[in-house]
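Subject: Structure handover

Hello,

Here is the structure I said I would pass on. Please open it first, then read the notes below it.

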Amino acid sequence: MSAIGSLIFCTDCGNLLRESTGDENAILHCTVCGARNKDIIPQTIVSESKPSAFPSALRSKRSAVQTLSAEDRKTEAVTNHLCGKCGRTEMFFTTVQLRSADEGSTVFYRCVCGYKETSNN
Ligand SMILES: [Zn+2]
Ligand SMILES: [Zn+2]
């Protein structure tokens, strides 16, 4: 297999170094902290990067090196809810059940414009 195209990060400061050359003997110098990093990438994730993992334009706007937050992993649905910022009448929403049923659930609304709203039932 080839590691070419994978991103390498500085092990000291986390700075993005560059794409892997695929040569495990290469040494990549960090331009931020000067650390020398071996050109070895973690052998993960690659097989998971199906196109369907990035279905929306919203996600494609995110940095490719940014991992998805927990919020992004939740299943979102669209509901009729007025965005307080741009006036759209459809927003994504996610419901989170709190620890006990007595406390009800929290609904997180998210608009494509970036506006977010939280509502406690
Ligand atoms: Zn560094
Ligand atoms: Zn909006």
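How many bridges join strand S6 to S7, and do they run parallel or antiparallel? The model is a predicted one. In it, 6 bridges join S6, residues 90-97, to S7, and the two strands run antiparallel.

First, the overall layout. The chain has 121 residues, and 2% of them are buried. Its secondary structure comes to 2 helices and 8 strands. Starting at the N terminus, the order of elements is β-β-β-β-α-α-β-β-β-β. Take the contacts between residues at least 6 apart in sequence: 20% of these join residues at least 24 apart.

UniProt, in an unreviewed entry, lists residues 10-33 as "zinc finger region: C4-type". In the model, this span is 0% helix and 29% strand. The C-alpha atoms at its ends lie 9 Å apart.

Now the sheet that holds S6 and S7. Four strands make up an open sheet, in the order S5-S6-S7-S8, with antiparallel pairing. S5 (77-80) and S8 (116-120) stand at the edges with a single partner strand each, so one side of each has no neighbour in the sheet. From one strand to the next, the twist averages 35 degrees. As background, strands of a sheet pair through backbone hydrogen bonds.

One of the residue pairs is Thr106 with Asn120 in S8. Thr95 stands opposite Val107 in S7, and Val107 stands opposite Ser119 in S8. The hairpin of S7 and S8 has 5 residues between the strands. There, Gly114 takes a positive phi near 105 degrees.

Last, a closer look at Ser119. Where does Ser119 sit? Its place is in strand S8. Is Ser119 buried or exposed? Ser119 has 12 other C-beta atoms within 10 Å, and 12 or fewer counts as exposed, so Ser119 is exposed. Which residues does Ser119 touch, leaving out those up to four places away in sequence? They are Val107 and Tyr109. Ser105 is 14 residues from Ser119 along the chain, and their C-alpha atoms are separated by 8.6 Å.

Best wishes

How values were computed
Residues are numbered from 1 along each chain as its sequence is written. Chains are lettered from A and ligands numbered from 1 in the order in which they are written. This is a predicted model: local features need pLDDT of at least 70, side-chain atom pairs count only at pLDDT 80 or more; totals for chains, interfaces and linings use all residues. UniProt positions are given in the numbering used here, feature names are shortened, and annotations may be inferred rather than shown by experiment. A residue is buried if 20 or more other C-beta atoms lie within 10 Å of its own, exposed if 12 or fewer, and partly exposed in between; C-beta atoms are placed from the backbone. Two residues are in contact if their C-beta atoms, placed from the backbone, lie within 7 Å. Two strands pair if DSSP finds at least two bridges between them. Axes are lines fitted to C-alpha atoms, for helices over the stretch in contact, and angles run from 0 to 180 degrees between N-to-C directions.
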